[in-house]
Amino acid sequence: MAELRDEKGLAKAERYYTDYGVRARELKAEGKKIIGYISALCPVEVLTAAGVVPFRLKGNVNEAITKGDAYMETIVCPFVRSVFDSAIKGKFNFIDGMVLPHQCDSLDRTSDVWRDYLNLPYFHFLNAPHVTDDPSIEFMKELLKLFIKTLEEYTGKKITDEDLKQAIAKHNENRRLMRGLYELRKVNPPLISGVEMIKVLIAAMGLPVDESNKLITEVIDEVKARAIPSNGLKKRIMIIGDQIDSVDIMDAIEGAGAYLVMDDISVGSKMYWQDIDTDKEPLQAIAERYLRKLKIPTNFVDTGGTYEDNLNARFGHMRRYIEEFKVDGAILFIYKYCDPYGFEVPAIKSYIESAGVPVLYLEDEYSTSTIARMKTRIEAFLEMMA
Ligand code: SF4
């Protein structure tokens, strides 16, 4: 089924969110190769340059993990287990391969399970380093060359520097457009709700970059045409975490009587806030973007300065978001057994609170089964802020 005629903007995002993968299945039927990936650490520009469709994998918060746990230990984070559960149940039977970057132990230590049990025609583990100094950039460039070589062998297509430059330009445009949509959340009340925003973010991550750019442009036009709202009286909230990829927690926050105006999550601003430099050699620029610019806990930044300098380098962007988006409170939503984010909780919490903004820390499953108790805690947090 081709794109529905006249379906645009938020309606299209709603359909792509609700039936996640529907467009990838259509593209597969048209003969395109679909490569699934996990984590904001995957350099999607390389996949685009290879002529394949990058498709971000997600789990299902509404479905119990029933098959995945026969393959993975339950100390693997529930997000990874849920994605694998979906994959082993055949939900992603349209993907031709996948890329698994080394973000954390839950991904690293399960790479053989993904490789051996999904048994896809293409599989690549991108063993990204965690330190971000100059030798690590050189190491990352070598990893990218290896990644490119495996894709060339798989597709039979040479990936040139020109291909990479064009892909970088398209993905930079994608980031610029999405930042433009985020801009519309700065007014009070925001022109687009947190629930609508997450649907657009999820829809966008399942599309080829050109289609993603078109979708975001349509949503911006639609949202800009809305009447300018009168002054909002609700608290403005920012959510922080890794792959929070369903409406449920967003709905719980907004349903409790707040505006969700900003995020620092791996399907949200982490994907869109840092461009790739276009005045550098492509592999150098990609390596720098994914190691040094991407704000994830496993990219270890050492400024060589004081503890405060390092905190600013790691979390300073959150304080900037708080100022720019006029955030009143932050919700730190971390999945159980997520060590990288879990270890950072005390530092992030005190860093944000020292800016005068209260923080609610929630640790939970990747599941809607616990959403009622999360909602109770969010309501109490908002009452406390009133
Ligand atoms: S939620 Fe944490 S443990 Fe799970 S994939 Fe993300 S970083 Fe890794």
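Guide: A residue is called buried if 20 or more other C-beta atoms lie within 10 Å of its own, exposed if 12 or fewer, and partly exposed in between, the C-beta atoms being placed from the backbone. This is a predicted model, in which local features need pLDDT of at least 70, side-chain atom pairs count only at pLDDT 80 or more, and totals for chains, interfaces and linings use all residues. Residues are numbered from 1 along each chain as its sequence is written.

Visitor: Which is K326: buried, partly exposed or exposed?
Guide: K326 lies in the loop between α14 (307-324) and β7 (329-335); helices (H or I, at least four residues) and strands (E, at least two) are DSSP runs, numbered from the N terminus. Although not a glycine, K326 has a positive phi of about 50°. Because 15 other C-beta atoms lie within 10 Å, K326 is partly exposed.

Visitor: How many other C-beta atoms lie within 10 Å of N119?
Guide: N119 sits in the loop between α6 (111-118) and β4 (122-126). It is not a glycine, yet its phi is positive, about 50°. N119 is exposed, because the number of other C-beta atoms within 10 Å is 8.

Visitor: What is the omega of the peptide bond that joins N188 and P189?
Guide: P189 is placed in the loop between α8 and α9 (194-205). The bond joining N188 to P189 is cis, with an omega of about 0°.

Visitor: Which strands stand at the edges of the open sheet, each with a single partner strand?
Guide: Four strands, paired in parallel, form the sheet in the order β2-β1-β3-β4; two strands pair if DSSP finds at least two bridges between them. An edge strand has a single partner, so one side of it is left without a neighbour in the sheet; the edge strands are β2 (53-56) and β4.

Visitor: In β2, which residue is the bridge partner of Y37?
Guide: Strand β1 (residues 34-37) runs parallel to β2, and four bridges join them. In one of these strands, β2, the partner of Y37 is R56.
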